[in-house]
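Student: Could you walk me through a structure and show me how to read its features one by one?
Tutor: Gladly. Let us look at it together.

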Amino acid sequence: MKYWLLICFPFFASAQQADELFARLTQKFKQVHHYEVQAQIKPNIPLIKILPVKANVQFTYPNTYKIKSAGISILPKNGFSELPLLFTQPNQFTAIASGNELMQGIRAQIITLLPIANEGDLVLAKIWVDTQSMVILKSLITSRSNGTILSEFEYTTEKSRGLPARMKLTIDVKKFKIPKGVATDINRTSRQVDDGKSTQKGSIEVIFGKYRVNS
């Protein structure tokens, strides 16, 4: 029994560390009740030509987003709004410590979040956390509807609130669903000829500026 406890202690300590880190992120997320920000969205999706657009993004706690733009804007749900959803329902996930990785000169701690219920759209989420500033540097979210979406974040003036200045989403083009509201417009844009050798990865860069927080 004594040896069993010694063997299992690292596992329990690791699990506790992941739970505590997830709890700290959840508390920080709750500090932002509302924000409004100007965004520039730059899609780079193979075979689809979409020009960069400017948009107004509004967020209201816990997970309500409103995005207004004059042109076509594509933001995958599980890369943009699903991430905050993780922190509004912490008791629905099991947090697992998954090591660390050097990112942006920072030793980020990695935690994997597994949904307790299996019937939902979300399969798993992995997040890379700067534990000094308590911000997410990268996330990898896998869902049944949109495949896997990688999100990378950079911070400047709103880092203390966990709000990024830039994010880049990498998507699986074959599994990514084009929103119904823009499908007709996209079909009218010029397309390259698919030679079967083009990459199946696309990216969407979002640059944020002029945040208005909790006002």
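**Reading backbone, strands and side chains**

Tutor: Let us begin with lysine 210, which is found in strand E10, residues 201–213. Keep in mind that this is a predicted model.

Student: What is the phi of lysine 210 near?

Tutor: The general idea comes first: most residues other than glycine have a negative phi, and most peptide bonds are trans. In lysine 210, phi is near 60°, a positive value in a residue other than glycine. Lysine 210 is also exposed, with a relative accessible area of 73%.

Student: Which peptide bond is cis?

Tutor: The bond from tyrosine 61 to proline 62, with omega near 10°. Proline 62 belongs to the loop between strand E2 (53–60) and strand E3 (64–69).

Student: Where is methionine 134 placed, and is this residue buried or exposed?

Tutor: Methionine 134 is in the loop between E6 and E7. Its relative accessible area is 10%, so it counts as buried. Although methionine 134 is not a glycine, its phi is positive, at about 55°. The hairpin of E6 and E7 that holds this residue has 4 residues between the strands.

Student: How many bridges pair E6 and E7?

Tutor: There are 8 bridges, and the pairing is antiparallel.

Student: Is E7 largely enclosed or open?

Tutor: Of its 9 residues, 8 are buried, so E7 is largely enclosed by the rest of the structure.

Student: What about E4 and its hairpin with E5?

Tutor: E4 runs antiparallel to strand E5 (residues 106–115), and 9 bridges join the two. Threonine 94 faces leucine 114 in E5. The hairpin has 2 residues between its strands, and glutamine 104 takes a positive phi near 50° there.

Student: Let us turn to charges. Which side chain meets that of lysine 138 in a salt bridge?

Tutor: The idea behind such a pair is that side chains of opposite charge can pair when their charged atoms come close. Here lysine 138 meets glutamate 101, at 3.9 Å from N to O. Lysine 138 lies in strand E7 (residues 135–143) and glutamate 101 in strand E4 (residues 93–103), so this pair ties together parts that are 37 residues apart in sequence. Lysine 138 is buried, with a relative accessible area of 13%, whereas glutamate 101 is partly exposed at 30%.

Student: What else surrounds lysine 138?

Tutor: Leaving out residues up to four places away in sequence, lysine 138 touches several others, among them Met103, Lys126, Ile127, Leu150 and Phe153. The charged end of lysine 138 also sits over the ring of tryptophan 128, 4.2 Å from its centre.

Student: How many salt bridges does the structure hold?

Tutor: It holds 6 salt bridges. One of them joins aspartate 130 and lysine 159, with the closest N and O atoms 3.9 Å apart. This pair links distant parts of the chain, 29 residues apart: aspartate 130 is in strand E6 (residues 122–130), and lysine 159 is in the loop between strand E8 (147–154) and strand E9 (166–172). Aspartate 130 is buried at 4% relative accessible area, while lysine 159 is partly exposed at 27%. In another salt bridge, arginine 161 meets glutamate 158 at 2.9 Å, N to O. Salt bridges that share partners also join Glu154, Arg166 and Glu205 into one network.

Student: Which residues touch the most other members of the largest nonpolar core?

Tutor: In general terms, nonpolar side chains tend to be buried together in soluble globular proteins. The largest nonpolar core here has 49 residues, and Tyr35, Leu83, Phe87, Leu113, Ile127, Ile136 and Val206 touch the most other members. Beyond residues up to four places away in sequence, isoleucine 127 touches residues including Leu25, Leu83, Phe87, Ile110 and Ile136.

Student: How many aromatic pairs does the structure hold?

Tutor: A pair of aromatic rings is described by the distance of the centres and the angle of the planes. This structure holds 8 aromatic pairs. Ring pairs link Phe22, Phe29, Tyr35, Phe59, Tyr61, Tyr65, Phe87, Phe208 and Tyr211 into a cluster.

Note on methods. Residues are numbered from 1 along each chain as its sequence is written. This is a predicted model: local features need pLDDT of at least 70, side-chain atom pairs count only at pLDDT 80 or more; totals for chains, interfaces and linings use all residues. Side-chain values use heavy atoms; hydrogens and water are left out. A nonpolar core is a set of buried Ala, Val, Leu, Ile, Met, Phe, Trp, Tyr and Cys residues joined through side-chain atoms within 4.5 Å. Buried means under 20% relative accessible area, exposed over 50%, partly exposed in between (1.4 Å probe, protein chains only). Contact means heavy atoms within 4.5 Å. Rings of Phe, Tyr and Trp (its six-membered ring) pair if their centres lie within 6.5 Å; planes under 30 degrees apart count as stacked, over 60 as edge-to-face and the rest as tilted. A charge sits over a ring if NZ of Lys or CZ of Arg is within 6 Å of the ring centre and within 35 degrees of the ring normal. A salt bridge is a side-chain nitrogen of Lys or Arg within 4 Å of a carboxyl oxygen of Asp or Glu. Two strands pair if DSSP finds at least two bridges between them.
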